[in-house]
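Visitor: Please show me the model, and let us examine the terms used to describe it.

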Amino acid sequence: MPPPTIYLLLIFSLLIPPHPTTADQSFISSLITQNGLDFVKNLLISKAIPTLTSTRIPKIEKTVRIPVIGKVHIVLSDITINRVNVGLSNIKPDATGVTIFGSDVTCDLSTKWHYAYGTWVGPISISDSGTARVKVIGMETSIKLGLHNQEGSLNLFVMECNCHMNDISIDLNGGASWLYQGVVDAFEEPIRSEVSKEIIKKLKAGVLKLGSVVQSLPKLISVDNIASLNTTFVNDPFLSDNSLGFGINGLFVDSRKGNYLYGKKLQPPVSCSDPQKMVGIALDEAVFNSGFALYYNVTPQILYLFVFINPHLLHMTDENRLYCVRHI
Ligand SMILES: *[C@@H]1O[C@H](CO)[C@@H](O)[C@H](O)[C@H]1NC(C)=O
C-alpha cells in the first residue's frame, strides 16, 4: 500500500491586516480588489456589447411642417444598433453599491426612412423612401449595482442607470434636399431618447440575468461523499471605495448528516494591501478544523489535511503563496 499522501493545499494569498467588523458565522472572507473589479468590469462590458449590438429601436413617426411643401409625415423604421464601442470605462465601488461607467461610447445605427405628403391637387400624394445612418458620438452610460444578502444568497440589483448622448449625426441616403433638415430637426431628440431608453432596458435586463445566476449559486458545494463546504453568504457584502468583500460560512459539513456545527471563532473580512492582486481570500482556523475533524473522525486514513497559516507566514514569494504540496 502506498504511504498515505497528505496534500496541504493552501489557497492563500494576501491576508491581513483584518478589518474590524462583526462577521458572525463567516469563516471565509474574500475580497475583490480594484484590479479584480476592473477584470469583472471588462468581462461585463464584453458581454454587454453583443447584446446591445442587436438592439432594435421601435419606429418613430412624426408629422412635420416643411416650408413651401406643408405637412409631411415622416417615419423612421427598422432602427437597429449595428456597432457599439466603449472608449473608456471605469468601475467604482462605494459604501452603497458598485458603479460601472462607460464614456466616450460611440454607436452606429441604421434606419429606413419614409415620407408622404398630400398635394394641392386632389387625392394625389407624394412619397419617397430610403435608408440612413445615424452615428452617436460621446455617449455616457452608468449603471449602479446594489448587492444584498438575501437569506444566504446574493441579491444583485440595479440602483440607477443613466445614458446620456452628446452628439448624433444623421446621414441620409437619397431623399429630397428639404428632407435632411426636416429629419434632423424633428428626429434628433426622439432618436436620442429612444436609443437611451433601449440601452437602459437592455442593461437592466442584463443585470437581471446576471443577478439570477448570482442568486442561484449553491449554498453547499459537495466535496465528496463525506464533506460539503457551506458556501452560504453571511452578512451583506462589504463595500469600500476600492474593494468588494464577501463573507461566507465556509465550514465543512457532514454530507451524510447534513449539518456539522463547528467553531466559534469569527473571521473578519480580509483586507488587502497589495493592489496588484485581484482577489484575496482569508480562511479562519475553524474552516480547517471543521474539515480536519470531519475526515479524522470518519476515516482512519486522512485524506486531506487542512492547515491554517498564521499571517506572519504569508510574507513569502508569490509562488509559495499560492500553494504548497507536501508528502509525508
Ligand atoms: C451554513 O451556514 C449558514 C450561515 O452561517 C447557516 O445558517 C446554515 O445552517 C449552515 N448550513 C449547514 C448545513 O450547516
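**Strand pairing and burial**

Guide: In this predicted model, strand β2 (residues 28-33) is joined to strand β13 (residues 243-248) by six bridges, and the two run antiparallel.

Visitor: Why are β2 and β13 called paired strands?

Guide: Pairing requires at least two bridges between two strands.

Visitor: What makes β12 and β15 edge strands?

Guide: The sheet is open, with four strands in the order β12-β13-β2-β15 and antiparallel pairing. Strands β12 (233-239) and β15 (279-283) each pair on one side only, and they are the edge strands. From one strand to the next, the twist averages 15°.

Visitor: What lies across β2, β13 and β15?

Guide: Helix α1 (residues 34-53) does, running at about 70° to β2.

Visitor: Why is β13 called mostly covered?

Guide: A residue counts as buried if 20 or more other C-beta atoms lie within 10 Å of its own. Six of the six residues of β13 are buried, and the strand is accordingly described as mostly covered.

Visitor: How do you know that both faces of β13 are covered?

Guide: In a regular strand the side chains alternate between the two faces of the sheet. On one side of β13 are Ser243, Gly245 and Gly247, on the other Leu244, Phe246 and Ile248, and all are buried.

Visitor: What makes a group of residues a nonpolar core, and how many residues has the largest one?

Guide: The members must be buried residues of the nonpolar kinds, joined through C-beta atoms within 7 Å. The largest such core has 41 residues, and Cys107 and Val136 have the most contacts inside it. Its largest share, nine residues, comes from α2. Domain 1 (7-33 + 216-322) and domain 2 (37-214) each contribute at least three residues to this core.

Visitor: Which residues does Val136 touch?

Guide: Leaving aside residues up to four places away in sequence, Val136 touches Thr106, Cys107, Met165, Ile168 and Val195. A second, separate core has 18 residues, including Ile248, Ala286, Val287 and Phe288.

Key:
Residues are numbered from 1 along each chain as its sequence is written. This is a predicted model: local features need pLDDT of at least 70, side-chain atom pairs count only at pLDDT 80 or more; totals for chains, interfaces and linings use all residues. Axes are lines fitted to C-alpha atoms, for helices over the stretch in contact, and angles run from 0 to 180 degrees between N-to-C directions. Two residues are in contact if their C-beta atoms, placed from the backbone, lie within 7 Å. A residue is buried if 20 or more other C-beta atoms lie within 10 Å of its own, exposed if 12 or fewer, and partly exposed in between; C-beta atoms are placed from the backbone. Domain bounds come from an automatic or database domain assignment.
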